[in-house]
Amino acid sequence: MEPKSISLARAYVGRQEFDGQNRGHVLDCIMDGLNLPRGVSWCGAFVTWCLMRSYAQTKPDLRRILGFSSPWYCDSTRDWLAQAKALDMIVQQPEAGDLVI
């Protein structure tokens, strides 16, 4: 059975940002839901939103589930990578369920 977060993400395949400005109805709703400014990079924010909708109620809850330290910039894939490196979560051969950054 596919994880809830993957099923949720699949529902958004084909959606696009508006005019390359990190904006659009769906993206604006996601940013609003995460209390992030509209127009910021959405890649990490989308993953955060999918994981929160599937497994956690708040960003601090998700941060604790992931084992990340605070502050954690959920919209930044650079921060996702830095947190994963600090926790020795980097693998050479990803498996089903792994996040690839």
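Author: Contact here means heavy atoms within 4.5 Å. This is a predicted model, in which local features need pLDDT of at least 70, side-chain atom pairs count only at pLDDT 80 or more, and totals for chains, interfaces and linings use all residues. Residues are numbered from 1 along each chain as its sequence is written, and side-chain values use heavy atoms, with hydrogens and water left out.

Reader: Where does leucine 87 lie?

Author: Leucine 87 is in the segment after α5. Helices (H or I, at least four residues) and strands (E, at least two) are DSSP runs, numbered from the N terminus. From C-alpha to C-alpha, leucine 87 and leucine 66 are 9.9 Å apart in space, and they are 21 residues apart in sequence.

Reader: How do I read whether a residue is buried or exposed, and which is isoleucine 30?

Author: The general idea is relative accessible area: buried means under 20%, exposed over 50%, and partly exposed in between (1.4 Å probe, protein chains only). Isoleucine 30 has a relative accessibility of 3%, so it counts as buried. Leucine 87, at 39%, is partly exposed.

Reader: What does isoleucine 30 touch?

Author: Isoleucine 30 sits in helix α2. Not counting residues up to four places away in sequence, isoleucine 30 touches Ala45, Phe46 and Trp49.

Reader: How should I read two packed helices?

Author: Two packed helices are described by the angle between their axes and by the distance between the axes. Axes are lines fitted to C-alpha atoms, for helices over the stretch in contact, and angles run from 0 to 180 degrees between N-to-C directions. Here α3 and α4 pack at an angle of about 90°, and their axes are 10 Å apart. That angle makes α3 roughly perpendicular to α4. Angles under 35 degrees count as roughly parallel, over 145 as roughly antiparallel, 65 to 115 as roughly perpendicular and the rest as oblique.

Reader: Which residues make the contact of α3 with α4?

Author: From α3 come Thr48, Leu51, Met52 and Tyr55, and from α4 come Lys59, Leu62 and Ile65. By class, this contact has 5 nonpolar, 1 polar and 1 charged residues. Ala, Val, Leu, Ile, Met, Phe, Trp, Tyr, Cys and Pro count as nonpolar, Asp, Glu, Lys and Arg as charged, and the others, Gly among them, as polar.

Reader: What is a pocket, and how much space lies in the largest pocket?

Author: On a 1 Å grid over the protein atoms alone, a pocket is an open set of points where a 1.4 Å probe fits, with protein on both sides within 12 Å along at least five of seven lines; lining residues have an atom within 4 Å of a point. Grid points are joined across faces, edges and corners, and a volume is the space filled by probe spheres set on the points. The largest pocket holds about 870 Å³ of space. Its lining has 29 residues, with Gly97, Asp98, Leu99, Val100 and Ile101 nearest its centre. Helix α3 gives the most to this lining, 7 residues. The lining of the largest pocket divides into 23 nonpolar, 5 polar and 1 charged residues.

Reader: What is the volume of the second largest pocket?

Author: The second largest pocket has a volume of about 190 Å³. Its lining residues include Tyr12, Ile30 and Phe46. The largest share of this lining, 4 residues, comes from helix α2 (residues 25-33).
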